[in-house]
Amino acid sequence: MSRTALRICPLCEATCGLTLTIEGTEVTGARGDRDDVFSKGFICPKGAAFGAVGADPDRLRTPLVRRDGVLREATWEEAFDAVAAGLRPVVERDGPNAVGVVLGNPNVHTMAGALYPPVLIAGLRTRSLFTASTVDQMPKHVSSGLLYGDANAIPVPDLDRTDHLLLIGANPLESNGSLCTAPDFPGRLKALKARGGTLTVVDPRRTRTARLADRHIAVRPGTDALLLAAIAHTLFEEGLADPGELTPHLQGLDELRGALRDFTPEAVAEACDVDAGTIRTLARELAAAPTAAVYGRIGSCTVPHGTLASWLVDVCTVLTGNLDRPGGALFPQAATDRTPRPAGPGHGFALGRWRSRVGGHPEAKGELPLSALAEEIDTATDEGTPVRALIAVAANPVLSAPDGDRLDKALDSLEFMVSVDPYLNETSRHAHVVLPPPPPSQSPHHDFAFNTLAVRNQVRYTRPAVPLEPGRMAETEIMARLVLAATGLHGTDPSAVDDMIIGQTLGKAVTEPHSPVHGRDPQELAARLTGVSGPERRLDMMLRLGPYGDGFGARPDGLTLDRLLAHPHGIDLGPLASRLPQPLKTVSGKVELLPGPIAGDLPRLRAALRERPDGLVLVGRRHLRSNNSWMHNVPALTGGSNRCTLHIHPDDAGRLGVHDGAPVRLKGAGGEVTAPAEVTDAVRPGVVSLPHGWGHDRPGTRLGHASADPGVNVNQLLDGRALDPLSGNAVLNGVPVEVSPVAETISTLT
């Protein structure tokens with residue numbers, strides 16, 4: 001007999017509510033939850049395939065341990081014994097930095113990925129931390145840290161109330177949004193237009209989002225910062241800059257005007273391939289709109305001036321008075337945020353507190369560039385010890401980082417590696433131990449990260465829709481045991497990890513004067529926590545201490561886990577609201593408009609005014625039915641438009657002798673790949689586009705469907721040397737490539 005259960009979808013950042021149909025223990029269907037307070041029934045193809053994702057026969061069901069060079073099935077006890085035996089000797093012999101930690105994008109989509117990696121890193125005391133952030137959004141974290149003093153204080157566009165939205169390097173009709181958690185992003189954009197608002201899209205491709213726009217500007221890839229600087233310059237030059245009520249919260253307005261003096265529309269027009277008149281129109285429309293928001297995403301982050309572009313997104317928002325006001329860009333307030341502290345100066349945000357051993361790359365937000373992982377493993381220097389052991393959690397950097405071939409070889413040289421991954425993929429195939437988490441239907445879900453980026457304040461939690469199968473281990477327990485094995489406490493009850501965090505958190509909270517539990521007994525507070533597991537007790541604690549919480553009885557109507565469980569479709573906490581100056585943690589206590597590192601990087605942007613690409617440049621691409629390399633092994637999410645083809649403009653195809661459907665060779669600084677051409681005017685002349693996440697052709701994986709149509713790894717065209725210097729983010733877009741028909745190349749060689 002079938003039943004239904006609710007689940008929040010973990011397959012992208014939109015976090016839609018699902019209603020699952022379950023036969024026995026099998027998820028046989030998924031539809032949108034119409035009563036969900038946030039998504040209101042919206043679902044995309046990924047959510048509809050929720051059951052197929054979990055039922056993939058290639059998903060690992062038991063741990064694997066390498067014996068005599070071969071990965072073989074093992075018990076959980078054997079697997080964690082092997083983890084402790086493999087990691088601890090490296091730490092004790094070579095120090096904590098000899099153990100690297102790589103965190104992949106799926107970590108922010110699970111409770112386990114949110115709750116335990118910080119404990120693991122702190123327990124190891126390693127500085128060798130690499131995450132997917134430095135091939136994605138790290139520039140936004142850095143710019144926010146420098147502007148507001150907090151790298152996680154990211155203002156999001158108020159999609160439901162804005163009158164004018166300027167999107168740069170974003171395609172939310174395919175991605176469902178990113179750093180802007182918004183179920184039914186397409187519907188929200190259509191609603192914007194229906195109420196008379198304006199949508200402008202800046203993108204070198206005519207994406208689905210661009211086709212919806214009132215104006216599409218096909219900018220030259222990599223010049224977003226120049227375009228934004230010229231918009232900001234125009235706001236100053238034409239007397240349109242008017243921060244309004246923001247002014248008392250700003251520092252450096254006059255200095256900012258001087259710093260942008262050289263970036264006139266006429267000066268940037270040729271570099272951007274956007275005429276000066278259009279740039280001035282963009283600035284005027286932004287200033288004239290009753291409310292407006294500027295939103296930049298991966299296309300403006302993964303470029304040579306990613307941090308400057310991210311900074312200028314917020315600068316334009318500030319100059320038009322649209323920061324921290326309804327209809328502009330506001331700071332969300334998640335239910336599990338820390339207890340709001342009184343407004344006032346903070347410690348600020350620092351870059352480069354340490355540097356990588358080989359390349360000397362400065363850390364950002366405690367992380368080193370993922371592009372530097374291979375050299376940190378395979379290169380000896382007089383300074384420090386190479387990474388000799390690696391913990392990879394939901395990470396596949398062989399495909400997601402530049403020059404996967406080099407990293408592939410480097411991983412093979414490690415003394416020990418453990419992967420937490422449901423698949424034996426291009427990266428985990430190198431592991432000595434693989435710890436597979438259960439399917440998402442068998443895990444609880446709360447969005448710790450994405451609620452801090454949501455376009456409406458709300459809180460939702462779903463318990464597992466299906467009980468754990470025999471032989472499975474909860475992902476939260478896997479991560480807790482990994483913490484213990486890596487930090488010398490192997491064999492301790494895994495509940496000790498949650499108990500430790502609860503004790504530390506409450507012990508600190510009772511000493512903070514602004515806390516609702518100031519002066520109380522932390523043990524008494526811990527005894528009041530509810531929940532059937534350590535992770536649930538931690539969630540209850542965070543809710544109670546948070547901005548909407550009950551303060552352990554201090555606010556009787558406040559949030560608790562029990563109250564949240566009584567509202568299975570979630571609790572709406574209202575639209576985003578103005579919060580300044582409370583979120584600011586800068587030393588000045590103000591929005592610091594021209595931080596030193598930003599000012600120091602502006603000469604590099606001025607030099608870009610004179611740069612012109614000689615040939616073709618490459619940009620990435622995302623499909624609605626895909627999310628990085630996660631889902632290519634699910635038949636329902638591949639095929640059709642979700643193919644690994646090279647988009648090339650008809651003018652460039654004709655000039656190069658490239659024919660639609662024929663194989664072409666792409667060559668970049670890091671290597672070359674061959675892919676079928678797709679001749680289309682959806683890309684502007686001079687630009688080619690290849691999707692990321694493909695390249696499933698390496699031996700030793702267990703990805704039956706993906707390996708049958710492997711595609712090519714776009715990041716193999718990169719050698720990893722091109723980075724945004726402030727954030728360490730890899731430059732993945734706007735990179736020069738050579739394109740030639742395969743037949744022509746072969747005839748030349750012969």
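**View 1. Helices α10 and α15 cross in a left-handed sense.** A crossing is left-handed if the near helix is turned anticlockwise from the far one by less than a right angle, and right-handed if clockwise. Helices (H or I, at least four residues) and strands (E, at least two) are DSSP runs, numbered from the N terminus. The model is predicted: local features need pLDDT of at least 70, side-chain atom pairs count only at pLDDT 80 or more, and totals for chains, interfaces and linings use all residues. Residues are numbered from 1 along each chain as its sequence is written, and side-chain values use heavy atoms, with hydrogens and water left out.

**View 2. The contact between α10 and α15.** From α10, residues including L228, I231 and F236 meet α15 residues, among them L312, V315 and L319. Contact means heavy atoms within 4.5 Å. The residues of this contact divide into 14 nonpolar, no polar and one charged. Ala, Val, Leu, Ile, Met, Phe, Trp, Tyr, Cys and Pro count as nonpolar, Asp, Glu, Lys and Arg as charged, and the others, Gly among them, as polar.

**View 3. Strand β2 pairs with β1 and with β3.** Two strands pair if DSSP finds at least two bridges between them. Strand β1 (residues 2-8) and β2 (residues 17-23) are antiparallel, over seven bridges. Six bridges join β2 to β3 (residues 26-32), also antiparallel. T19 is the bridge partner of L6, and T19 stands opposite R31 in β3.

**View 4. The hairpin of β2 and β3.** Two residues lie between the strands. G24 takes a positive phi near 65°.

Definitions and conventions
Buried < 20%, exposed > 50% of the residue type's maximum accessible area, 1.4 Å probe, protein only.
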